[in-house]
Amino acid sequence: MHVQEWLDTVPAAAVYAVVALVIGLESLGIPLPGEIVLVSAALMSSQHTGINPVVLGVCATAGAVIGDSIGYAIGRKGGRPLLAWLGRKFPRHFGEGHVATAERSFEKWGMWAVFFGRFVALLRIFAGPLAGVLHMPYWKFLIANVLGGICWAGGTTAVIYYVGVVAEDWLKRFSYLGLAGAVLIGLASMLVIKRRAKKAQEQRRQEPEPVPAGD
């Protein structure tokens with residue numbers, strides 16, 4: 001079952017909770033489709049399903065910030081042995097190459113890696129735990145985490161919501177244009193048929209009557 005189809009089956013309050021939970025767990029370091037869930041829920045909010053986009057954005061932001069903070073605390077306490085353990089459990093996401101790439105990004109960009117990492121799937125999973133492992137000062141991490149969470153979660157919700165609204169409005173206009181076009185085509189067809197019938201009738205009237213044969 002598609003994510004949006006599944007979200008359609010649960011109440012609005014549960015949608016908010018699911019979005020916050022999935023994004024929080026992903027930010028904590030568990031590979032989950034947080035962005036897919038957020039996009040699906042934001043699209044639903046544009047379709048009059050009772051989901052408030054503002055509340056959705058707030059829940060998504062809260063999940064991102066809290067999840068990243070928990071991931072930071074776990075990374076700070078677990079250190080590199082934690083990354084090694086994650087590499088064995090999730091080699092596809094926490095392999096040595098991925099860890100090395102993320103670590104270079106953090107060493108080069110610092111707080112910006114946390115901020116922009118929110119917009120990149122791989123760094124979104126790494127940001128919290130890796131910042132803790134590298135002992136980034138928490139106040140720096142928190143600032144970048146909050147700003148990144150607001151821009152990513154709030155921005156994604158807003159963009160998808162308005163895209164959904166515009167698309168729905170366009171489809172409605174398209175359906176109205178299609179209906180109007182069908183009516184015009186029908187009227188034009190009727191006029192053409194009526195005109196041809198009238199022309200054929202006039203031609204029959206103008207034809208000379210046949211002369212009866214003599215006896």
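Visitor: Which residues of H8 are buried?
Guide: Leu123, Arg124, Ile125, Phe126, Ala127, Gly128, Pro129, Leu130, Ala131, Gly132 and Val133 are. Buried means under 20% relative accessible area with a 1.4 Å probe, protein chains only; helices are DSSP runs of H or I, at least four residues, numbered from the N terminus. This is a predicted model, where local features need pLDDT of at least 70, side-chain atom pairs count only at pLDDT 80 or more, and totals for chains, interfaces and linings use all residues. Residues are numbered from 1 along each chain as its sequence is written, and side-chain values use heavy atoms, leaving out hydrogens and water.

Visitor: Where's the kink in H8?
Guide: At Ala127, shortly before Pro129, and about 50°. That bend is the angle between axes fitted to the seven residues ending there and the seven starting there.

Visitor: And what follows H8?
Guide: His135, with a positive phi near 55°.

Visitor: At what angle do H2 and H8 pack?
Guide: H2 (residues 12-28) and H8 (residues 121-133) pack at about 60°, their axes 6 Å apart. Axes are lines fitted to C-alpha atoms over the stretch in contact, with angles from 0 to 180 degrees between N-to-C directions.

Visitor: Which residues meet there?
Guide: From H2, Glu26, Ser27 and Leu28; from H8, Arg124, Ile125, Gly128 and Pro129. Contact means heavy atoms within 4.5 Å.

Visitor: New topic: what does Leu38 touch?
Guide: Leaving out residues up to four places away in sequence, Leu38 touches Val19, Ile23, Leu56, Ala60, Trp152, Ala153, Thr156 and Thr157.

Notes
Helices (H or I, at least four residues) and strands (E, at least two) are DSSP runs, numbered from the N terminus. Buried means under 20% relative accessible area, exposed over 50%, partly exposed in between (1.4 Å probe, protein chains only).
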